[in-house]
Amino acid sequence: MKKLLLVLLVLLVGCVTTHDGGPYQSSDYKFAVEIPDGWRRLDTDKYLMITRDGPFLQYALIQQRPADRPFRYTQKSLNNRMLPQEAAGLIIDELSSDRNLQNFRLIENVPARIDGHEGFRILFSYNDKKGSTFKTLYYGFVSGNSFYNIRYSAAIRHYFDKDLATFEQLLDTFKVI
Amino acid sequence: MKYLVTLLTFCWLAFGCTTPGPVCVYEDPATSQYETMLWQRAQEEQAILNNSGLLYHNSELEDYLNHVARRLQPDDISSDLSFKIKIIQDPNLNAFAFPNGVIYVHTGILARMDNEAQLALLLAHEMTHCINKHTMRVLGNIKSRSKFIATVQETSARTAMTQELAKFLGLTGSMAAVTGYTRELETEADHIGLDIAANAGYDINEVVRLLEHLKQELRMEGLVEPYFFGTHPNVEQRIANVRVWLDNEYRGKTAGVKNALIFQSKLSQLILDNVSLDLRLGRFFAARRGVEKFLRIQPDDPQAYYLLGEIYRQRGQEDDLKTAMGCYQKAIALDLSFAAPHKAIGLIHYKDGEKHLAKKYFETCLLLSPNAPDKAYIQKYLEHCSKNGEG
């Protein structure tokens with residue numbers, strides 16, 4: 001989260017090149033996705049982050065990480081023998097332990113298929129330190145030794161519903177390569 | 001986080017620059033502008049903490065903790081200072097007091113105590129920080145601001161969890177909860193806290209048990225001593241200190257009360273809730289110890305056996321699944337209508353490829369709990385079981 005904030009700060013001051021929508025492919029992280037028109041992407045070697053209205057209001061993030069990489073809070077780790085429900089449970093444990101996500105509330109946790117992979121979809125809300133409420137839709141799955149997560153997070157007021165359909169379209173274009 | 005703490009510290013110090021020099025620590029709080037501002041700041045920090053969703057709510061338990069605090073409260077302290085105890089949902093071992101008398105105690109440290117005397121000793125320690133105005137003393141005696149800032153930074157950066165806690169706290173809270181006061185003041189709080197607990201009629205010998213209990217917990221979990229022990233003298237030194245005091249000043253004094261039974265009855269639900277927090281963080285040893293402690297208080301609790309099963313299932317070491325299965329079966333035997341252990345057994349069979357057995361347990365789970373929160377997953381498992389033709 002600290003790194004994410006740093007990235008957001010850098011973006012704010014405009015020190016990083018941003019790119020417009022279109023096809024995106026990461027050979028390092030082995031995925032491809034179609035970035036929606038009007039969304040800008042931030043170059044980072046950690047994950048793909050894109051936004052239309054600015055990352056403090058809404059953003060989508062796609063990340064691939066080694067499944068066994070330790071998490072910040074929970075000492076549990078993912079593995080490729082886990083069922084999607086077990087992976088979802090671990091991610092919920094991690095998120096609900098993150099104190100940046102105040103008043104964390106799980107709204108939904110259901111199975112999902114992402115690019116043909118059995119995974120999960122969780123929906124949760126939280127408050128930031130200023131008291132604004134955000135909602136995040138979080139898809140995840142384990143493939144081989146990697147954990148992929150694709151999320152959309154936005155302020156509930158005005159922003160979340162506005163770009164939800166666009167995010168779902170983006171999700172449909174996601175491919176592990 | 002370091003930057004945030006630095007910023008907060010600078011703000012505080014800049015704020016402090018406009019005030020007169022150090023205020024006499026024994027001055028009445030109401031007459032001290034400096035202290036009034038400190039209390040206002042503490043209230044602001046508490047408001048953030050109270051609205052963070054981190055508080056553990058159990059009105060009966062809170063009443064009980066506040067009852068113990070009232071019993072401890074010395075008669076000769078300022079009437080402006082009244083103590084209020086709040087509980088934070090956090091399995092880490094910590095407790096901290098704001099200068100205005102609001103004391104936050106983590107579920108983790110409460111869950112590890114054995115009796116009311118130990119609770120009283122902990123609260124008396126924290127109350128001493130307030131009564132003797134330790135925050136004022138630290139802030140009023142800062143000789144080197146840069147050194148002070150560095151200390152706050154260094155201490156709060158010590159572990160991820162302290163950084164997390166500090167996110168909610170300003171300087172007063174961070175000093176109380178994360179960095180601690182000076183070692184001398186912590187020793188003073190240990191010593192005077194002992195006196196306060198003794199005067200309230202508690203068995204102060206329990207302080208050794210409390211500290212040894214916590215020392216063992218820290219060792220078994222491989223934890224750095226982050227909070228309650230942050231800049232305190234180390235536990236060994238504290239145990240040595242209290243042994244000296246008990247052997248000399250308190251020698252021959254009548255033993256006080258422990259009130260173990262009432263403590264256990266009031267705390268039992270918290271112990272189990274804290275197990276869930278430990279489990280969430282993957283602290284399997286602490287979680288198991290917690291649930292075993294709960295089962296000594298309530299031996300036939302199906303939820304506790306279910307949680308014990310979850311601990312073993314999620315840990316997944318050799319023979320853990322077998323042990324987990326036994327725990328789930330016990331939970332079912334104690335409560336035939338308990339759906340969750342059926343699902344858990346179903347999961348074990350499902351992953352073992354025993355789809356016919358898994359199906360039986362998943363179906364029972366949905367029969368018992370048609371609107372289970374994870375119904376969508378269970379239905380998916382049932383579909384797979386049927387597809388494999390083993391249904």
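Analyst: The model is predicted. In chain B, helix α5 (residues 116-131) packs against helix α10 (residues 183-199) at an angle of about 120 degrees, and their axes are 7 Å apart.

User: Why are α5(B) and α10(B) called oblique to each other?

Analyst: The angle between them is about 120 degrees. Roughly perpendicular covers 65 to 115 degrees and roughly antiparallel is over 145, with the rest oblique. The two helices are therefore oblique to each other.

User: What is the handedness of the crossing of α5(B) and α10(B)?

Analyst: The crossing in which α5(B) passes α10(B) is right-handed.

User: Which residues of α5(B) and α10(B) meet?

Analyst: From α5(B) come A120(B), L121(B), A124(B), H125(B), M127(B), T128(B) and H129(B); from α10(B) they meet E188(B), A189(B), D190(B), I192(B), G193(B), I196(B) and A197(B). By class, this contact has eight nonpolar, four polar and two charged residues.

User: How do you know that the span of helix α14 of chain B agrees with its number of residues?

Analyst: Helix α14 (residues 284-297) of chain B has 14 residues, which at 1.5 Å a residue should span 20 Å. The C-alpha atoms at its ends are 20 Å apart, so the two agree.

User: What makes a residue of α14(B) buried?

Analyst: The cut-off is 20 or more other C-beta atoms within 10 Å of its own. Among the buried residues of α14(B) are F284(B), R289(B), V291(B) and F294(B).

User: How many residues of chain B are in contact with chain A?

Analyst: In chain B, 16 residues are in contact with 17 residues of chain A. The largest share of that side of chain B, three residues, comes from α19(B).

Note on methods: Residues numbered from 1 in each chain as written. Chains lettered and ligands numbered in written order. Predicted model: local features only at pLDDT ≥ 70, side-chain atom pairs only at ≥ 80, totals over all residues. Helix = DSSP H or I, 4+ residues; strand = E, 2+ residues; numbered from the N terminus. Expected span 1.5 Å × (residues − 1). Buried ≥ 20, exposed ≤ 12 C-beta atoms within 10 Å, placed from the backbone. Contact = placed C-beta atoms within 7 Å. Axes fitted to C-alpha atoms, helices over the stretch in contact; angles between N-to-C directions. Parallel < 35°, antiparallel > 145°, perpendicular 65-115°, else oblique. Left-handed = near helix turned anticlockwise from the far one by under 90°. Nonpolar A, V, L, I, M, F, W, Y, C, P; charged D, E, K, R; others polar.
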